[in-house]
Amino acid sequence: MVAQLPKYSKDLADFSIEYNPAKAFYIRHRPFILQVSLGEMKLEDAFWVELDPGYLGLQTSEFLDLVFPSNRKQQENIRDLLDVKENPDLPDMYAALLEIFAESRTGKFALQFFANHGPEIRLSDRLNDHLSIIQSPKNRIDETPLVDLVVEQKLDVLDYLANAGYFKNKQTTMEFMQANMLMYFLDKHEYKLPSTPIAETDKNLLPIARKLQSVNLIAPSDLDQTFSISEEGRQAIGKAIAETESYIDQYDVFKDVFFDADSGALEFGTGSGRDLRVQIYEAEDLDPVRVVFLLRLYDSTFDEGLATWRDSIHSEEFFGEVLSPIIDAERVDEEMVELILEAGYSFSEERFEANREMESQEDLLRRIREE
């Protein structure tokens with residue numbers, strides 16, 4: 001069997017790092033260094049702390065729960081070990097890692113772990129099995145055991161949204177998005193999906209097409225035997241467009257909300273405010289998943305993947321990216337929401353009246369010129 005190449009091979013100036021669990025086994029009784037970097041982060045920016053060798057016999061999951069715990073008292077035990085004289089930024093780096101691990105426990109992120117210069121580390125693996133050796137004659141560091149951990153954050157948006165209660169059934173939500181996506185490409189881009197396809201990518205679209213056909217939204221053409229939008233399908237598209245435009249008309253004012261806590265000033269459309277639309281959708285008892293999906297369908301987001309959409313339509317990761325504005329949404333304190341709603345609606349009404357008056361004046365001037 002060919003050995004798998006390490007995913008990460010990072011080096012550190014003035015230090016030699018060797019992933020060698022067998023060699024490190026003989027110095028496992030010494031205090032060891034835990035070094036943690038994120039993805040492609042350089043080791044110069046990595047977090048590190050020297051720990052007691054007693055940790056090395058633990059499974060990775062047990063070790064991580066002890067070093068990056070949710071318990072504040074246990075966190076302070078690790079903070080006390082940080083060498084702030086060597087690196088004053090270590091407490092802030094530790095706080096950032098604590099937040100990442102806390103978010104992973106809520107299901108927002110899935111974390112993967114790799115040994116730098118080594119393989120992927122499973123949570124059931126013991127630290128002893130993934131030891132490296134760090135050495136630097138220049139810095140007077142003799143051979144020291146090292147756990148050189150690289151952490152990848154993998155965000156499963158759909159699972160997170162399901163766990164957070166945005167929808168009950170992920171499969172039903174996927175089917176809703178897939179159906180609308182296929183309708184979009186059949187309509188806007190006039191894609192010719194054969195009713196008896198030969199290409200594998202088209203064959204994979206058939207289950208979605210059959211569901212649309214079963215509710216009379218598409219039908220195979222007698223002329224060229226490809227699916228096309230039916231009259232009922234056109235009506236459904238028209239309703240979806242009208243629904244989406246109503247969201248834009250009513251809630252776009254909340255995509256730029258500026259609030260000055262000191263003065264209490266509340267402004268809209270300044271160019272420096274927060275996008276609070278998702279929080280407003282929730283306050284108005286709308287379904288953010290439906291609203292955000294329809295908005296992104298409407299704004300041609302899907303056109304960016306024109307060459308690959310027949311594969312993307314089956315990807316949970318793709319639809320997770322489509323819905324990512326929900327979890328990336330900015331938020332304010334709940335007690336502010338009602339105030340922002342009232343002020344936003346008032347601002348929109350004033351702007352509407354001003355635009356209507358301007359249009360009336362322009363119409364009057366146009367008539368005068370024509371006379």
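My entries on it follow, one topic at a time.

**Ground rules.** I am working from a predicted model, in which local features need pLDDT of at least 70, side-chain atom pairs count only at pLDDT 80 or more, and totals for chains, interfaces and linings use all residues. Residues are numbered from 1 along each chain as its sequence is written, and side-chain values use heavy atoms, with hydrogens and water left out.

**Overall form.** I looked up the secondary structure and found 15 helices and twelve strands. Helices (H or I, at least four residues) and strands (E, at least two) are DSSP runs, numbered from the N terminus. The radius of gyration is 28 Å, well over the 21 Å that the globule rule gives for 371 residues, so the protein is more spread out than a compact globule. For that, the radius is taken over C-alpha atoms, and the rule is 2.2 Å times the number of residues to the power 0.38. I also noted that the C-alpha trace spans about 95 × 65 × 40 Å along its principal axes.

**Burial.** How much of the protein is buried? I got 37% of the 371 residues. Buried means under 20% relative accessible area, exposed means over 50%, and partly exposed is in between (1.4 Å probe, protein chains only).

**Helix 9.** I checked the length of helix 9, residues 231-251. At 1.5 Å a residue its 21 residues should span 30 Å, and the end C-alpha atoms are 30 Å apart, which agrees. The expected span is 1.5 Å times one less than the number of residues. Next I listed the buried residues of helix 9: Gly233, Ile237, Glu243, Thr244, Tyr247 and Tyr251. They cover an arc of only 125 degrees around the axis, which puts them on the same side of helix 9. The arc is that of the directions from the helix axis to the C-beta atoms. On the other side of helix 9 I found Glu231, Lys239 and Asp249 exposed. A reminder to myself: an α-helix has 3.6 residues a turn, so residues three or four places apart point the same way.

In helix 2 (residues 60-67), the buried residues are Thr60, Phe63, Leu64 and Val67. Their arc is only 95 degrees around the axis, which puts them on the same side of helix 2. I then moved to Phe68, in the loop between helix 2 and helix 3 (72-79). Phe68 is buried, at 0% relative accessible area. From Phe68 to Ile100 I count 32 residues in sequence and 9.4 Å in space, C-alpha to C-alpha.

**Asp92.** This residue belongs to helix 4 (residues 90-105). With 58% relative accessibility, Asp92 counts as exposed. Its C-alpha atom is 9.5 Å from that of Phe47, 45 residues apart along the chain.

**Cavity.** Which residues line the largest cavity? I wrote down Thr60, Ile121, Leu127, His130, Val147 and Leu149. The lining divides into four nonpolar, two polar and no charged residues. The space inside comes to about 30 Å³. A cavity here is a set of points on a 1 Å grid over the protein atoms alone where a 1.4 Å probe fits but cannot get out, and lining residues have an atom within 4 Å of a point.

**Positive phi.** Asn216 has a phi near 65 degrees, positive in a residue other than glycine. Asn216 sits in the loop between helix 8 (206-214) and strand 9 (218-220), and is partly exposed at 44% relative accessible area. Gln225 is not a glycine either, yet has a positive phi of about 55 degrees. I placed Gln225 in the loop between strand 9 and strand 10 (226-229), partly exposed at 41%.

Key
On a 1 Å grid over the protein atoms alone, a cavity is a set of points where a 1.4 Å probe fits but cannot get out, and a pocket is an open set with protein on both sides within 12 Å along at least five of seven lines; lining residues have an atom within 4 Å of a point. Grid points are joined across faces, edges and corners, and a volume is the space filled by probe spheres set on the points. Ala, Val, Leu, Ile, Met, Phe, Trp, Tyr, Cys and Pro count as nonpolar, Asp, Glu, Lys and Arg as charged, and the others, Gly among them, as polar.
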